Amino acid sequence: MKVILLGSGNTATVLAKMIVKAEHEVVQVWSRNFDHAKVLAAKVHAQPITSFDELSAEADICIMAVSDTAIPELAKQLKLKRKVLVHTAGSVSKELLKNSSADYGVLYPLQSLRKEMIVIPPVPFLIDGSSDEVNALLEDFAASLSDHVEYADDETRLKMHLAAVMVSNFTNHLYALTEDYCKDRRLDFKLLHPLIIEVACRLTQGHAVDMQTGPARRGDEETIKKHLLLLEIDEHLQDLYRELSDSIGKLYRKK
Ligand SMILES: NC(=O)c1ccc[n+]([C@@H]2O[C@H](COP(=O)([O-])OP(=O)(O)OC[C@H]3O[C@@H](n4cnc5c(N)ncnc54)[C@H](OP(=O)(O)O)[C@@H]3O)[C@@H](O)[C@H]2O)c1
């Protein structure tokens, strides 16, 4: 398939690499910043463009991988013919694209994507097209990029996006805070890497609720008190520790 990418950030860059690997062709990369378009276009031998007047008539699919807030703005400027237009956002309705192309939809990669990624991890895709024909095309296209493709309407995708924020963004925030905590106390955060990986990998073997360990799970109030005392100088971390311990405690007291 011939693809046009709108955007040159994290998602556009990772998708471009996946698309080329699957033996499709990225014909053009559009970005509001021509230098950014050039950098990504060079990676996949595409034409960099910065005006919608230059959009190729040949492409089958146009992927709008720009910030969520830019989607309505760009959609207003686009009038595509004979091209499926999709965006890549978890929390944006596909209907925002309905006046930009007769065939439109969503190709949402359910993964944390960074342009610096060297190895691209498995990326499940949630797709949603404006018609059965668009769904069929998106399903074929996504299946050429990934082993995991599901149909999800706006509401399901929004709920899934929230779940993704919980398991990915929130856990990463805890890692970031803990890394700072370790740095301030001259502790080696890297010693925790095997633990982080083990706990995440365990999820493939069963339910998270059955995998919980730690003082709050055991109802070990003495240890919790000692930890909270250690955090007296860091009120924010102390509040988070208390909040999460209470949440774990409540869940297992219910059972
Ligand atoms: N990264 C992820 O993990 C991930 C995963 C799933 C879905 N998504 C979705 O993918 C989309 C892109 O996210 P991203 O992570 O790739 O973001 P990003 O790395 O911040 O890149 C954003 C892109 O949008 C462009 N842009 C921003 N505001 C614009 C505007 N007003 N007009 C035109 N272009 C504009 C930026 O251009 P400049 O280079 O000029 O700033 C850049 O090319 C979003 O809808 C996001 O929800 C992201």
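Author: The side chains of D128 and K94 meet in a salt bridge, 3.4 Å from N to O. A salt bridge here is a side-chain nitrogen of Lys or Arg within 4 Å of a carboxyl oxygen of Asp or Glu. This is a predicted model, where local features need pLDDT of at least 70, side-chain atom pairs count only at pLDDT 80 or more, and totals for chains, interfaces and linings use all residues. Residues are numbered from 1 along each chain as its sequence is written, and side-chain values use heavy atoms, with hydrogens and water left out.

Reader: Where do D128 and K94 sit in the chain?

Author: D128 is in strand β7 (residues 125–129), while K94 is in the loop between β5 (84–87) and β6 (103–109). The pair links distant parts of the chain, 34 residues apart. Helices (H or I, at least four residues) and strands (E, at least two) are DSSP runs, numbered from the N terminus.

Reader: Are D128 and K94 buried or exposed?

Author: Both D128 and K94 are buried. Buried means under 20% relative accessible area, exposed is over 50%, and partly exposed is in between, with a 1.4 Å probe and protein chains only.

Reader: How many salt bridges does the rule count?

Author: The count comes to eleven. One of them joins K225 and E222, at 3.8 Å from N to O. K225 and E222 both lie in helix α9 (residues 221–230), three residues apart, about one turn of the helix.

Reader: Why does K225 count as exposed? And what about E222?

Author: K225 counts as exposed because its relative accessibility is 53%. E222 has a relative accessible area of 52%, so E222 is exposed too.

Reader: OK, switching to the big picture. How is the chain divided into domains?

Author: There is domain 1 (2–152) and domain 2 (158–254); the bounds come from an automatic or database domain assignment. Their centres, taken over C-alpha atoms, are 36 Å apart. Six residues from domain 1 and five residues from domain 2 take part in the contact, where contact means heavy atoms within 4.5 Å.

Reader: How much area is buried between domain 1 and domain 2?

Author: About 420 Å², and carbon and sulfur atoms give 63% of that. Buried area is the accessible area (1.4 Å probe) that two parts lose on being put together, summed over both. On the domain 1 side, S91, Y108 and L110 supply 65% of the area buried against domain 2, more than any other three residues.

Reader: How many salt bridges cross the interface of domain 1 and domain 2?

Author: Zero, by this rule.

Reader: Now the surface. Which residues form a nonpolar patch?

Author: L162, M166, V167 and F170 do, with about 430 Å² of accessible area together. Patches are made of residues with over 30% relative accessible area and no salt bridge, with like charges joined within 9 Å and nonpolar side chains (Val, Leu, Ile, Met, Phe, Trp, Tyr) within 5 Å. The areas come from the Shrake-Rupley method with a 1.4 Å probe, and for residues only the protein chains shown count as cover. V167 is in helix α5 (residues 154–184), and V167 counts as exposed because its relative accessibility is 61%.

Reader: I was also eyeing S31. Where is S31?

Author: S31 is in the loop between β2 (25–30) and α2 (34–43). Its relative accessible area is 5%, so S31 is buried. Leaving aside neighbours within four places in sequence, S31 contacts S8, H36, A37, I49 and T50.

Reader: Last one: how many helices and strands does the chain have?

Author: Ten helices and eight strands. Of the 255 residues, 37% count as buried.
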